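Biologist: Let us go through some labels and ask what each one rests on.

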Amino acid sequence: KYHISDNVADLMLRRLSKLPAETRELMMIASCVGQRISLNWLSVISNSDLSYVAEHIWPIIEIGLMVPVNGGGNQIRILQSEKDEHDGELPYQVLIKFLHDRVQQAAYSLIPDEEISNIHLKIGRKLLEYLSREDLFDNIFTVVSQFNAVSPELLTEDERQKMSALN
């Protein structure tokens, strides 16, 4: 886990604890991926449709702890109003990022220790399944870091071999 100063951590944790559970869950997933994440990835990893992700990520954007990249806020608002119109992925990237690494660290610290490996494993498996060969090449460090954060006994033999080759 990350270590941050107690006063900053307490402030972040208090703000995060007031958010809806669905928002906290999406933030915890995002914190495992990195400083920024696309709504498409968040949708795939969380097994949720895009309008759900847009609706439940919005509270954290409203309080300023995550921010849309390149004007993505308007796209998020549109997605919220177009429920069920986006079954697949968006044809464009809508990225959101943590305002600061301390916010990402606070979100990560909400994950119980016993769940961390399983969440990283789920993320790694979902990304391997979702990403095209070209996209996998472009995001190899993100994918490998997910599997590297997993307790080795949770990996299948095939996953261990793939990660060995990719590392």
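Modeller: Buried means under 20% relative accessible area, exposed means over 50%, and partly exposed lies in between (1.4 Å probe, protein chains only). This is a predicted model, where local features need pLDDT of at least 70, side-chain atom pairs count only at pLDDT 80 or more, and totals for chains, interfaces and linings use all residues. Residues are numbered from 1 along each chain as its sequence is written, and side-chain values use heavy atoms, without hydrogens and water.

Biologist: Why is Glu157 called partly exposed?

Modeller: Its relative accessibility is 45%. That value falls between 20% and 50%, so Glu157 counts as partly exposed.

Biologist: What makes Arg160 and Glu157 a salt bridge?

Modeller: The rule asks for a side-chain nitrogen of Lys or Arg within 4 Å of a carboxyl oxygen of Asp or Glu. The closest N and O atoms of Arg160 and Glu157 are 3.3 Å apart, so the pair qualifies. Both residues lie in helix α10, three residues apart. Helices here are DSSP runs (H or I, at least four residues), numbered from the N terminus.

Biologist: How do you know that Arg125 and Glu159 form a salt bridge?

Modeller: Their N to O distance is 2.5 Å, so the pair meets the 4 Å rule. Arg125 lies in helix α7 and Glu159 in helix α10, so the bridge ties together parts 34 residues apart in sequence.

Biologist: Is Glu159 buried or exposed?

Modeller: Buried, because its relative accessible area is 10%. Arg125 has 34%, so Arg125 is partly exposed.

Conventions. Helix = DSSP H or I, 4+ residues; strand = E, 2+ residues; numbered from the N terminus.
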